[in-house]
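Visitor: Hello! I am new to this structure and would like to learn how to read its features. Could you walk me through them?

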Amino acid sequence: MRKVSFIFSVIMVIALNCNAQSSSNGCYRGSIDAGYSIGVGDYEFSRFEVNTSHGYQFNSCIFLGAGVGLHFMSSYETKDMYIPLDVRDRQVDIPVFANIRCNFSKKKVSPFVDLKGGTYVTNNGGLYVNASAGCRFAINEKQAVSLAVGYASEKLEFETFDRFTTYAGDYIRSPRKLDTEAITLKVGFEF
């Protein structure tokens, strides 16, 4: 909780500082995106996510900020096994992250790359990294809509088969962090 409070405080200081400056020197920028992640690799489970980032737009190209998200994970079991090796109950994960974005032109339609990196503050933490590329469509000087495709790498906690406890087939599970991967599709709004 202290991490989230600290990040929120930094964002507010940047936002207040930006309002005192002219737009030619940079300004506050916020965004929200919603998307769907399609699981790939060893753990093919998909999820819906919503993220918001707030920070400083240094010029028309470079944005640096921080954000938080809500990732809605479905339940998961290792496929094609009598006793699933790894399971994960349905849950909501909350990542906090640093965000850097680079727009490649000042035009109304501009390609961009975006990188988010941080950690989950729920479910015993875990790494969160999302790199994406897309196109930004300016509505006016301060607002835009974006479409992006990306790759996410996350370290999430699963309940993993540990050992049998009886000959009758009873067993126990232990929590374990495992690497997951996903292809992300997102629609965003900048303000």
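Guide: Gladly! Let us begin with strand pairing: two strands pair if DSSP finds at least two bridges between them. The strands themselves are DSSP runs (E, at least two residues; helices are H or I, at least four), numbered from the N terminus. Here, alanine 133 stands opposite valine 149 in S10. Before we go on, a word on the source: this is a predicted model, in which local features need pLDDT of at least 70 and side-chain atom pairs count only at pLDDT 80 or more, while totals for chains, interfaces and linings use all residues. Residues are numbered from 1 along each chain as its sequence is written, and side-chain values use heavy atoms, with hydrogens and water left out.

Visitor: How many bridges join S9 to S10, and how many residues lie between them in the hairpin?

Guide: S9 and S10 run antiparallel and are joined by 11 bridges. Their hairpin has 5 residues between the strands.

Visitor: Which other strands does S10 pair with?

Guide: Strand S10 (residues 144-164) is joined to strand S5 (residues 86-88) by 2 bridges, again antiparallel. There, aspartate 86 stands opposite threonine 160. S10 also runs antiparallel to strand S11 (residues 171-190), with 20 bridges joining the two. One of the places to look is valine 145, whose bridge partner in S11 is phenylalanine 189. The hairpin of S10 and S11 has 6 residues between the strands, and glycine 169 in this hairpin takes a positive phi near 105°.

Visitor: What are the pairings of S7?

Guide: Strand S7 (residues 95-103) pairs with strand S3 (residues 62-73) in the antiparallel sense over 7 bridges. Within that pairing, leucine 64 has isoleucine 100 of S7 as its bridge partner. S7 also pairs with strand S8 (residues 109-120), antiparallel over 9 bridges. Asparagine 103 has phenylalanine 112 in S8 as its bridge partner, and a hairpin of 5 residues joins S7 to S8.

Visitor: Is asparagine 130 buried or exposed, and what is it in contact with?

Guide: Buried means under 20% relative accessible area, exposed over 50%, and partly exposed in between (1.4 Å probe, protein chains only). Asparagine 130 has a relative accessible area of 1%, so it is buried. Its place is in strand S9 (residues 127-138). Contact means heavy atoms within 4.5 Å. Leaving aside neighbours within four places in sequence, asparagine 130 is in contact with Glu49, Asp114, Leu115, Lys116, Tyr151, Ala152, Thr184 and Lys186.

Visitor: How many disulfides does the structure hold?

Guide: A disulfide is a covalent bond between the sulfur atoms of two cysteines. Here it is counted as a pair of cysteine sulfur atoms within 2.5 Å, and the structure holds 0 disulfides.
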